Amino acid sequence: LGRIQKRVAAKDPEAISELGVVHFYGALGLEKDATRAFKLWSEAAELGSITALFKISMAYYSGEGVAQDKAKAIRCWESAAMRGCAESRTML
């Protein structure tokens with residue numbers, strides 16, 4: 001967790017995305033917090049993480065951490081797929 005937090009402080013988008021995963025699942029001693037995970041994924045996506053964009057789309061689709069919005073999920077998958085995310089392509 002310390003390494004991730006150090007990279008988060010340096011604004012590493014993949015580290016921010018990974019910290020979102022840690023919050024989402026409640027791993028590494030942190031409480032499960034889907035809302036915090038969504039916020040972290042949003043920050044990481046703004047910094048260019050396609051992994052985070054995929055996670056955002058999954059959150060919109062399932063309604064975990066954010067209000068369910070399947071149309072937004074599809075738009076996020078499309079955006080991530082156009083940037084090279086194979087996982088997003090399979091969801092479309």
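Modeller: Let's start with a term: a disulfide is a pair of cysteine sulfur atoms within 2.5 Å. By that rule, the structure holds zero disulfides. The sulfur of Cys 76 has its closest cysteine sulfur in Cys 85, and that is 11 Å away, so it is too far for a bond. Cys 85 is in no disulfide either, with the sulfur of Cys 76, 11 Å off, as its nearest.

A word on what you're looking at. This is a predicted model, where local features need pLDDT of at least 70 and side-chain atom pairs count only at pLDDT 80 or more, while totals for chains, interfaces and linings use all residues. Residues are numbered from 1 along each chain as its sequence is written, and side-chain values use heavy atoms, with hydrogens and water left out.

Back to the cysteines: both are tucked away. Here buried means under 20% relative accessible area, exposed over 50% and partly exposed in between (1.4 Å probe, protein chains only). Cys 76 counts as buried because its relative accessibility is 14%, and Cys 85 is buried too, at 7%.

Now for the core. A nonpolar core is a set of buried Ala, Val, Leu, Ile, Met, Phe, Trp, Tyr and Cys residues joined through side-chain atoms within 4.5 Å. The largest one has 27 residues, and those touching the most other members are Val 8, Leu 19, Phe 38, Trp 41, Ile 56 and Tyr 60. Helices H1 (2–9), H2 (13–25), H3, H4 and H5 (70–82) each supply at least two of its residues. H3 gives the most, with seven. Those helices are DSSP runs (H or I, at least four residues), numbered from the N terminus.

Take Trp 41 from that list. Leaving out residues up to four places away in sequence, Trp 41 touches Ser 17, Gly 20, Val 21, Phe 24, Ala 52, Lys 55, Ile 56 and Ala 59, where contact means heavy atoms within 4.5 Å.

That brings us to the rings. Those of Phe, Tyr and Trp (its six-membered ring) pair if their centres lie within 6.5 Å; planes under 30 degrees apart count as stacked, over 60 as edge-to-face and the rest as tilted. The count comes to four aromatic pairs. One of them joins Phe 24 and Tyr 25, edge-to-face, at 5.0 Å centre to centre with 85° between the planes. Phe 24 is buried at 13%, whereas Tyr 25 is exposed at 58%. Phe 38 and Tyr 60 also pair edge-to-face, because their ring centres are 5.2 Å apart and their planes sit at 80°. Phe 38 is in helix H3 and Tyr 60 in helix H4, so this pair ties together parts 22 residues apart in sequence. Both Phe 38 and Tyr 60 are buried. Ring pairs also link Phe 24, Tyr 25 and Trp 41 into a cluster.

Last stop, Ser 49. You'll find Ser 49 in the loop between helix H3 (34–46) and helix H4 (50–62). Beyond neighbours within four places in sequence, Ser 49 is in contact with Pro 13, Glu 14, Ser 17 and Ala 44. With Glu 14, the side chain of Ser 49 makes a polar contact of 3.0 Å. That term covers a pair of N or O atoms within 3.5 Å; within protein, one must be able to donate a hydrogen and the other to accept it, and residues adjacent in sequence count only if both atoms are side-chain atoms.
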